[in-house]
There are 2 protein chains.
Amino acid sequence: MTLDALPAHQGGAENLARLLARALLTGHWQPGDVFPKELDIGRHFSVSRNQVRNALASLSAAGLLERTAGRGTQVRAMSEWHLLDPLMSEWMTGLINLDPQLVRAIYAFRFSAEPLVAGLAAQAASAEDIARLEAAFEGMQRSAGQPAARHQHTEYDVAFHDVIYQATHNLVWRQMGYLLRPSIMALVHRSQHDIKTLDDSLARHGHVLKAIQVGDATAAETAAREVLRRTAIDLGIVPDTLSDGANLSSSRHM
Amino acid sequence: MTLDALPAHQGGAENLARLLARALLTGHWQPGDVFPKELDIGRHFSVSRNQVRNALASLSAAGLLERTAGRGTQVRAMSEWHLLDPLMSEWMTGLINLDPQLVRAIYAFRFSAEPLVAGLAAQAASAEDIARLEAAFEGMQRSAGQPAARHQHTEYDVAFHDVIYQATHNLVWRQMGYLLRPSIMALVHRSQHDIKTLDDSLARHGHVLKAIQVGDATAAETAAREVLRRTAIDLGIVPDTLSDGANLSSSRHM
DNA sequence: ATTGATAAAATGTCAGACATTTAATAAGCT
DNA sequence: AGCTTATTAAATGTCTGACATTTTATCAAT
């Protein structure tokens with residue numbers, strides 16, 4: 001893969017890092033490939049070597065690249081990526097063409113974790129949390145069915161899930177919710193289609209809200225599971241398969 | 001807080017970053033404090049400005065610091081930390097004096113998540129996973145009761161938990177397991193005391209192993225919960241309190 | 001054919017000057 | 001006095017060129 005296929009660059013090491021990261025996240029390079037050298041990248045985008053080095057340092061920190069003095073820069077496999085690095089989260093925002101294997105892995109995680117999280121939220125949510133959750137739900141209702149407000153609807157949907165993670169009042173789960181935002185957005189983006197689907201999705205979200213309002217943990221769990229089942233249907237995923245398909249090469253990882 | 005109270009520096013930007021990160025993680029600076037400026041740090045440790053900048057860039061990426069041109073460097077609050085950043089994980093390895101609030105938050109997360117993870121592992125574990133789990137357990141047995149082998153025992157204990165996360169065969173949970181390693185090690189390190197305690201802990205681990213061996217998810221869940229109850233007792237933590245105590249200031253975070 | 005020295009190429013490091021942002025201070029005007 | 005506006009100082013950010021270090025390939029000698 002060469003640099004020529006990449007979009008233009010708007011200046012700033014962060015932008016450069018995002019640009020390159022997205023190319024890697026969407027599979028423009030294969031694991032093991034040699035990445036272009038610093039000077040070539042700098043020449044191609046007309047930026048200083050400093051900017052290139054800063055950008056590559058970020059990609060390296062996120063596990064996307066491996067750099068060794070004298071040898072060059074190599075592309076790492078997906079199993080080496082630091083999926084929970086906030087940088088990754090930022091780079092994934094707005095990405096549509098995520099690797100299908102990655103989408104399935106993230107969905108599988110959410111399917112296993114989010115019911116639990118909803119249960120915790122039902123136990124720990126404060127009045128403010130519930131207010132925020134209600135606001136997000138009402139936003140979803142208002143923007144439902146209006147094709148022009150589809151973007152808003154997605155925002156409210158993502159906010160709904162985020163509030164649930166925040167409402168656990170646990171630092172780690174909160175961090176998790178923040179990190180999953182872009183992934184959730186990508187999933188939600190793909191899973192909205194006709195009116196009927198949307199209506200059903202809305203109803204299932206409503207059940208989660210109600211369960212958290214009354215503090216019923218087990219009800220929240222099952223309701224959250226139903227929301228994710230709806231998502232799975234829309235995405236064409238079979239929710240029973242919790243493993244991510246990496247079993248073939250999994251034995252080497254540990 | 002000044003730099004004078006910090007230990008000596010052995011060279012390398014990564015070492016410098018770890019040194020400063022640990023000082024921050026153990027609360028040597030208060031949130032909002034101004035962090036020493038680049039030139040002062042460089043002078044104090046006799047390193048170039050480059051090294052200092054690289055180190056501070058890492059700390060900034062992990063959410064420990066906030067740097068703004070012209071103003072300086074500020075220390076951020078714990079709620080802003082990127083707890084799931086692999087850098088954090090590395091910096092926390094071997095740290096004993098972790099902030100108690102952070103220890104509780106991490107324990108609470110594990111108490112909620114690890115039973116679920118054990119259940120997933122029971123469903124998805126491969127033969128190799130089970131072999132690794134058995135090896136870790138036997139290592140724990142061998143090194144039990146021998147005061148000289150206490151370090152080894154900790155290693156096996158941590159490996160035991162790690163294998164469970166790996167055995168889910170889900171990229172996100174695997175990443176999670178990798179990231180929790182140092183935290184688990186810190187908790188395990190504190191929770192081993194007399195022979196009787198150790199014996200009981202060993203038995204509870206054995207139940208988890210057996211449940212995963214036979215693929216019984218619900219049994220694995222309850223067994224994992226029992227392991228964590230044992231840990232909680234040893235740490236003097238009440239496992240019912242799942243929130244992290246940050247409720248007071250939680251409303252501002254979202 | 002193996003070993004060893006050499007050279008080339010990549011990333012890593014350093015030092016200095018300069019740019020930019022921010023905040024404090026002083027000057028000047030109404 | 002009070003407000004606005006230059007000026008200055010101090011911090012982080014950026015650029016550039018040279019040099020260091022590590023790795024790999026090449027070639028020579030035994």
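Visitor: Which element gives the largest share of the surface near DNA strand C?
Guide: α3(B), with 3 residues. Near means a heavy atom within 4 Å of the strand. Helices are DSSP runs of H or I, at least four residues, and strands are runs of E, at least two, numbered from the N terminus. This is a predicted model: local features need pLDDT of at least 70, side-chain atom pairs count only at pLDDT 80 or more, and totals for chains, interfaces and linings use all residues. Residues are numbered from 1 along each chain, chains are lettered from A and ligands numbered from 1 in the order written, and side-chain values use heavy atoms, without hydrogens and water.

Visitor: How many residues surround DNA strand C?
Guide: 17, and R67(A) and S48(B) are among the closest.

Visitor: What does R67(A) do with a phosphate oxygen there?
Guide: A polar side-chain atom of R67(A) lies 2.9 Å from it.

Visitor: Switching topic. How much area is buried between chain A and chain B?
Guide: About 3,800 Å², with 67% from carbon and sulfur atoms. That is accessible area (1.4 Å probe) lost on putting the two parts together, summed over both.

Visitor: Which element of chain A gives the most to that side?
Guide: α5(A), with 10 residues.

Visitor: How many salt bridges between the chains?
Guide: The count is 0. The rule wants a Lys or Arg side-chain nitrogen within 4 Å of an Asp or Glu carboxyl oxygen.

How values were computed. Polar contact = N/O pair within 3.5 Å; in protein donor to acceptor, adjacent residues only side chain to side chain.
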